Amino acid sequence: MAGMPLDEDVGCANCGYNLRGLTTAHDCPECGESAMRTLRWAGRDLSRRAMAFQIAQASGYPIDAVLIVHDAVAHTLATAFDKGRHTTARDVCDGFLAFAHANFHDAAEAADLLSEWKLNRSEDVGRIVWAMVNAGVLKQSPDDAPEDFDGLFTPDDVQKAFDRPPQSLGGAPPPA
Ligand SMILES: [Zn+2]
């Protein structure tokens, strides 16, 4: 198995040697500690990247595509949890469009990056979500199916999302 490239400074958990430039498949050249074990100690950002790397390999999508879907799903789940109901594929796709709107400068940037990331339609979001389900990163409900993501949005809908005012994201829910 190919390891995830360690492209930022990370000190070996045992001896502190900088493992940058190696991969998670390597051992520390100084002391032999496994780089994967160091990664588990290294904190949240790197474990998030390790998750994204794993899902990217499984789904065939770029790491950046996995990261934006992961963040959009996390936001959508948090919102649905506040409302006390089950999250559907439609919720995830609406959440993804709102998240894209909030995180890209404009419709042109969204079109460029989403196309570069092969993340053009709801089916693409669905494939990444189901790779996360299969890897145990997300849980499914018995009535969830990959086809739930079919035909929920197209590149046109992404562009139209920018014609509306952005939804607020991540803040406290409005008072009841
Ligand atoms: Zn070491």
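Colleague: Before that, what should I know about the model and the numbering?

Modeller: This is a predicted model, where local features need pLDDT of at least 70, side-chain atom pairs count only at pLDDT 80 or more, and totals for chains, interfaces and linings use all residues. Residues are numbered from 1 along each chain as its sequence is written.

Colleague: Thanks. How many helices and strands does the chain have?

Modeller: There are seven helices and zero strands, and along the sequence the pattern reads α-α-α-α-α-α-α. Helices (H or I, at least four residues) and strands (E, at least two) are DSSP runs, numbered from the N terminus.

Colleague: And what percentage of the chain is buried?

Modeller: Of the 176 residues in the chain, 30% are buried. Buried means that 20 or more other C-beta atoms lie within 10 Å of the residue's own, exposed means 12 or fewer, and partly exposed is in between, with C-beta atoms placed from the backbone.

Colleague: OK, on to cores. Which residues have the most contacts inside the largest nonpolar core?

Modeller: Those are V66, V69, C93, F96, L97, V125 and I128, in a core of 30 residues. At least two of its residues come from each of α2 (44-59), α3 (63-83), α4 (89-103), α5, α6 and α7 (155-161), and α4 gives the most, with seven. A second, separate core has eight residues, including C12, L19, L22 and L39. By nonpolar core I mean a set of buried Ala, Val, Leu, Ile, Met, Phe, Trp, Tyr and Cys residues joined through C-beta atoms within 7 Å.

Colleague: Let's zoom in on V125. What is it in contact with?

Modeller: Leaving aside neighbours within four places in sequence, V125 is in contact with V69, V92, C93, F96, L119 and F149. Two residues are in contact if their C-beta atoms, placed from the backbone, lie within 7 Å.

Colleague: So how do α4 and α6 pack, in angle and axis distance?

Modeller: Their angle is about 110 degrees and their axes are 10 Å apart. That makes α4 roughly perpendicular to α6, a label for angles of 65 to 115 degrees, whereas under 35 is roughly parallel, over 145 roughly antiparallel and the rest oblique. Axes are lines fitted to C-alpha atoms, for helices over the stretch in contact, with angles from 0 to 180 degrees between N-to-C directions.

Colleague: Which residues make the contact?

Modeller: From α4 they are A89, V92, C93 and F96, and from α6 they are S122, V125, G126 and V129.

Colleague: Switching topic: is A52 buried or exposed?

Modeller: A52 is buried, because 24 other C-beta atoms lie within 10 Å. A52 lies in helix α2 and, beyond neighbours within four places in sequence, is in contact with I63, V66, L67 and H70. The C-alpha atoms of A52 and H70 are separated by 8.3 Å, although the two are 18 residues apart along the chain.

Colleague: Last one, what about the backbone at K118?

Modeller: K118 has a positive phi of about 60 degrees although it is not a glycine. K118 sits in the loop between α5 (107-116) and α6 (122-134) and is partly exposed, with 15 other C-beta atoms within 10 Å.

Colleague: And which residue with a positive phi follows α6?

Modeller: That is G136, with a phi near 80 degrees.
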